[in-house]
There are 2 protein chains.
Amino acid sequence: MKFVIERDRLVQAVNEVTRAISARTTIPILTGIKIVVNDEGVTLTGSDSDISIEAFIPLIENDEVIVEVESFGGIVLQSKYFGDIVRRLPEENVEIEVTTNYQTNISSGQASFTLNGLDPMEYPKLPEVTDGKNIKIPINVLKNIIRQTVFAVSAIEVRPVLTGVNWIIKENKLSAVATDSHRLALREIPLETDIDEEYNIVIPGKSLAELNKILDDASESIEMTLANNQILFKLKDLLFYSRLLEGSYPDTSRLIPTDTKSELVINSRAFLQAIDRASLLARENRNNVIKLITLDNGQVEVSSNSPEVGNVSENVFSQSFTGEEVKISFNGKYMMDALRAFEGDDIQISFSGTMRPFVLRPKDATNPNEILQLITPVRTY
Amino acid sequence: MKFVIERDRLVQAVNEVTRAISARTTIPILTGIKIVVNDEGVTLTGSDSDISIEAFIPLIENDEVIVEVESFGGIVLQSKYFGDIVRRLPEENVEIEVTTNYQTNISSGQASFTLNGLDPMEYPKLPEVTDGKNIKIPINVLKNIIRQTVFAVSAIEVRPVLTGVNWIIKENKLSAVATDSHRLALREIPLETDIDEEYNIVIPGKSLAELNKILDDASESIEMTLANNQILFKLKDLLFYSRLLEGSYPDTSRLIPTDTKSELVINSRAFLQAIDRASLLARENRNNVIKLITLDNGQVEVSSNSPEVGNVSENVFSQSFTGEEVKISFNGKYMMDALRAFEGDDIQISFSGTMRPFVLRPKDATNPNEILQLITPVRTY
């Protein structure tokens, strides 16, 4: 294997595939980046066996030569060293050549590195994801779905399936649900593609968080393919594979209360700032408990008390309040996570009793599941 | 104590004094910020007993009212909470009132906090630094002196005096020296003020690093006063006190070789980048060993070898080389630290043998001690 490549394109591809690589893998070769050169271009692969990312650099793009190949082949190089090296190379182009015993020369200008590489045949094969139906979705919509649900997955692995986000595709709708059993986040969107099949899958929260980081906020579409316990997201020169979680996800629809005793309409940004302030003294407590009381004048009192440190109280203006008086306590972090999903819009909070979960939705939502955030209160009153 | 103050001015002062506060202090009250209000203004103090910072906010500045005082007094509030609170307050002004039992109300707009405070009389008194002679120095010059020497102090406390920078003021010159006994950094500047006395003090490296962070790169002057084992730096509304280290600093002048066998002139930026690349594979080794060999064609070969990972080699163009061939090994991190002190300028490196320390100075320096960086080689050849 021997080729010359534009350094900046190589750096970009290295940065992308490195996102999948974990230093704590139990499979030593997965700490490396696989590089393969053929007559189409250069392909880099990184993987921690849950997530695999493949970045492709074509030989020629827009009539500009990006890669000049002298001989085909492959190698696996330690990602930690290879990444630092290519980022610091002095010239615009890099020459990479595998010599004997997987020794690899990386040279640019006057600088010349030799890295000990590994046999690319020993690198695990990526899953084949070819059978499934392709579903298209705009990247910015996908990023929103991820942001509005992924924070609610369970951080503990007692019920592994809850560390993922449940995606259900049916009747040309995608609904994404995450819950750690104390709170729940739900997002539902119509799909543009006509899908006959029904899908019910659980994608690891970590995979979605990494995918969100790698995607730029663009309006073009990304293609998803489902098959063999894998989901594949396809961009122009990037493939993102994630393992799916096994086990059946609980039916969460029955958790959402249908009877409403009180309804509060409030601006999510103003409310978020008040909760953030009320959380300042509460963070020492394990549950970050915030109390909420509706007042006669239509305001909402948010307060918190930490005996050793002090206390905080703030009255927030609401747009409207109807129904029974509310006195409720909740985890301030859960409330802030939920409020951020509404990006500053006005919201409607439906309460159905001091110890019943309450639900946040956009004000005047036509679909009750468009964005739904549910929080279970904490017993204090 | 009761007053109303502009939030942004309070936030700025809190940020400044917080730099002196350490969560790991053995004196509990020092985790707090002392606030004192009198007829001149509001004074905030933070301290870890090595460094103390006092920030002053006047009642009126440029005909604008900044503080409205209702009653004088003082309080000590937990810096961790007080800082977070004032940074997040919703309105432009903050009202602070001490009620009974050192309980302190902090309110702004609709938000109201109560913090448990402590008796300000229990806060340790700051040292009196009044006797000493005032020395003026431009802030940007002071920042340079700190940056060019402080990295070379010893990180280990075996010889405590080496964790500080030795400042010698005599004959209207200030010379600053730091060494960890493997490398040495020296910077000498002429002083504008006429100083009759001689001073020989050791300032903790940590104090200088914090002072450097707190100072903006300005051309105006800062005033220094020395007395009672303390040094005081005076800005308009800010006092920065540091304890001095006890014990006599070793005479470092005899460490600097006077006989030169070879002399290399090179650009410090180009050399730094090459050393940085050569260090990429060396960092796993405890000493980060880089080898340097002068070549016949006037180039310098920089290389490093890490058997498990690979090796790196780069030829760097020099501007001139005279004298005996050089084959030397050194710690790459020490070399990078030293090269950064020259800010990209051309330098002259004087070698006096494979196992003798070598010295970096600006090219064509008129004063040999203007900027001097010394590094002791590592035995490998």
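## A salt bridge within chain A

In this predicted model, the side chains of Lys234(A) and Glu223(A) meet in a salt bridge, with N and O 3.6 Å apart; the term stands for a side-chain nitrogen of Lys or Arg within 4 Å of a carboxyl oxygen of Asp or Glu. Lys234(A) sits in strand β18 (residues 230–234) and Glu223(A) in strand β17 (residues 221–227), so the pair ties together parts that are 11 residues apart in sequence. Helices (H or I, at least four residues) and strands (E, at least two) are DSSP runs, numbered from the N terminus. Over all chains, the whole structure holds 38 salt bridges.

## How the model is read

Residues are numbered from 1 along each chain as its sequence is written, and chains are lettered from A and ligands numbered from 1 in the order in which they are written. Local features need pLDDT of at least 70, side-chain atom pairs count only at pLDDT 80 or more, and totals for chains, interfaces and linings use all residues, while side-chain values use heavy atoms, leaving out hydrogens and water.

## Where the two chains meet

Let's turn to the interface. Chain A and chain B each bring 32 residues to the contact, which means heavy atoms within 4.5 Å. About 2,900 Å² is buried between the chains, 49% of it from carbon and sulfur atoms; buried area is the accessible area (1.4 Å probe) that two parts lose on being put together, summed over both. Tyr81(A), Arg88(A) and Gln110(A) supply 23% of the area that chain A buries against chain B, more than any other three residues.

There are 2 salt bridges between the chains. Arg88(A) forms a salt bridge with Asp276(B), where the closest N and O atoms are 2.7 Å apart.

## Strands across the interface

Of the side of chain A that touches chain B, β23(A) gives the largest share, 8 residues. This strand also runs antiparallel to β11 (residues 111–116) of chain B, joined by 5 bridges; two strands pair if DSSP finds at least two bridges between them. Within β11(B), Ala111(B) is the bridge partner of Glu314(A).

The same surface serves both, as 100% of the contact residues of chain A recur in chain B.
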